[in-house]
Amino acid sequence: PDAASQWLWPRVLAHRCGGALAPENTLAGLEVAAACGCGGVEFDVMLTADQQPVLIHDETLTRTTDRDGRVAALTLDAVRRADAGCRHAAAFAGERVPTFAEAAARCRELGLAANVEIKPASGHDVATGARVAADAARLWAGSVLPPLLSSFSVAALAAATQAAPTLPRALLCERLDEDWQARCEELGVIAVHADAALLERDQAAAVRAAGYRLAVYTVNDAQRAATLFDWGVDCVITDRPERVRPPRGRS
Ligand code: G3P
Ligand code: MG
């Protein structure tokens with residue numbers, strides 16, 4: 001891994017901004033994560049039809065907002081008309097789908113490290129990787145705490161590398177397959193983000209021994225998190241940032 005492209009590696013990241021404590025991928029979630037004492041957050045970024053990066057996980061608005069439609073087929077204006085809070089709880093009604101710029105600014109203000117998951121709508125991998133990385137470099141310019149870009153999409157990560165070569169990147173995967181190290185070397189990533197439910201102890205050791213950082217998602221049980229930290233996992237991504245704590249004696 002490239003020693004020049006490093007990240008802070010907080011031990012606990014709130015998943016989709018605030019985990020289960022706030023509507024996912026919203027600015028309200030960032031406030032909750034900071035209030036829980038989280039060092040950082042993970043969130044998902046996708047492009048609208050007019051190529052504007054916004055925080056959303058699904059390709060459609062349906063599950064998380066009061067509207068329907070495909071994000072990649074809607075303008076930013078249309079996406080911004082959706083209420084991204086009311087499905088979670090009435091208290092969050094009126095939350096909007098944040099722009100990437102809004103989320104970046106709030107992370108910087110709150111001192112939250114950001115793991116920006118590049119989440120391309122199907123067929124938009126290269127455009128999304130390039131745009132999110134270029135924007136990330138601009139939005140965190142001059143910051144001592146740059147974002148960590150991650151993606152399941154190899155094409156998006158390759159495009160991100162072209163667009164912002166100095167930003168640190170991580171390869172997202174489900175189960176670690178045989179050729180994980182070759183793919184990491186090819187992509188120039190500094191870390192692997194793996195599904196905690198599928199990770200084996202010897203795989204965790206192999207990733208760390210090869211000099212890569214290791215994050216796992218999504219761990220909501222404090223005891224399980226403690227076990228994973230014991231295996232050498234650097235960072236746990238959780239829906240329960242109020243429950244999952246860093247290992248004792250380390251921050
Ligand atoms: O980045 C970790 C995790 O968020 C990946 O899964 O589906 O929640 O984006 P998903
Ligand atoms: Mg994600």
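Guide: Gladly; let us start with a pair of strands, where A14 stands opposite V41 in β2. The strands β1 and β2 pair in the parallel sense over 2 bridges; two strands pair if DSSP finds at least two bridges between them. The model is a predicted one, in which local features need pLDDT of at least 70 and side-chain atom pairs count only at pLDDT 80 or more, while totals for chains, interfaces and linings use all residues. Residues are numbered from 1 along each chain as its sequence is written, and chains are lettered from A and ligands numbered from 1 in the order in which they are written.

Visitor: What makes a stretch count as a helix or a strand?

Guide: Both are DSSP runs numbered from the N terminus: helices are H or I with at least four residues, strands are E with at least two. The protein has 8 helices and 9 strands. Its radius of gyration, taken over C-alpha atoms, is 17 Å, close to the 18 Å of the globule rule (2.2 Å times the number of residues to the power 0.38) for 251 residues, so the protein is as compact as a globular protein of that length.

Visitor: Why is β2 called largely enclosed?

Guide: Because 8 of the 8 residues of β2 are buried. A residue is buried if 20 or more other C-beta atoms, placed from the backbone, lie within 10 Å of its own, exposed if 12 or fewer, and partly exposed in between. G40, E42, D44 and M46 point one way from β2, and V41, F43, V45 and L47 the other way.

Visitor: Which strands pair with β2 in the parallel or antiparallel sense?

Guide: β4 is a parallel partner over 6 bridges, with V116 as the bridge partner of F43. Strand β3 (residues 53-55) is antiparallel to β2 over 3 bridges, and there P53 is the bridge partner of L47. Between β2 and β3 lie 5 residues of a hairpin, and Q51 in the turn has a positive phi of about 65°.

Visitor: How do you know that helix α1 is mostly covered?

Guide: Of the 9 residues in α1 (residues 27-35), 7 are buried: L27, A28, G29, L30, V32, A33 and A34. What covers them includes β1, β2 and α3.

Visitor: What makes the unit of β5, α5 and β6 right-handed?

Guide: A crossover is right-handed if, with the strands pointing away from the viewer, the path from the first strand over the helix to the second runs clockwise. β5, helix α5 (residues 154-163) and β6 make such a right-handed β-α-β unit. The strands β5 and β6 run parallel and are joined by 3 bridges, and L149 stands opposite R169 in β6.

Visitor: Why is R169 called buried?

Guide: R169 has 29 other C-beta atoms within 10 Å, so R169 is buried. Beyond its neighbours within four places in sequence, its contacts include L149, S150, L157 and V189; two residues are in contact if their C-beta atoms, placed from the backbone, lie within 7 Å.

Visitor: What surrounds ligand 1?

Guide: H15, E42, D44, H57, E117, S150, L172, H193, Y217 and I237 surround ligand 1; a residue is near a molecule if its C-beta atom, placed from the backbone, lies within 6 Å of it. The shell has 3 nonpolar, 4 polar and 3 charged residues. Here Ala, Val, Leu, Ile, Met, Phe, Trp, Tyr, Cys and Pro count as nonpolar, Asp, Glu, Lys and Arg as charged, and the others, Gly among them, as polar.
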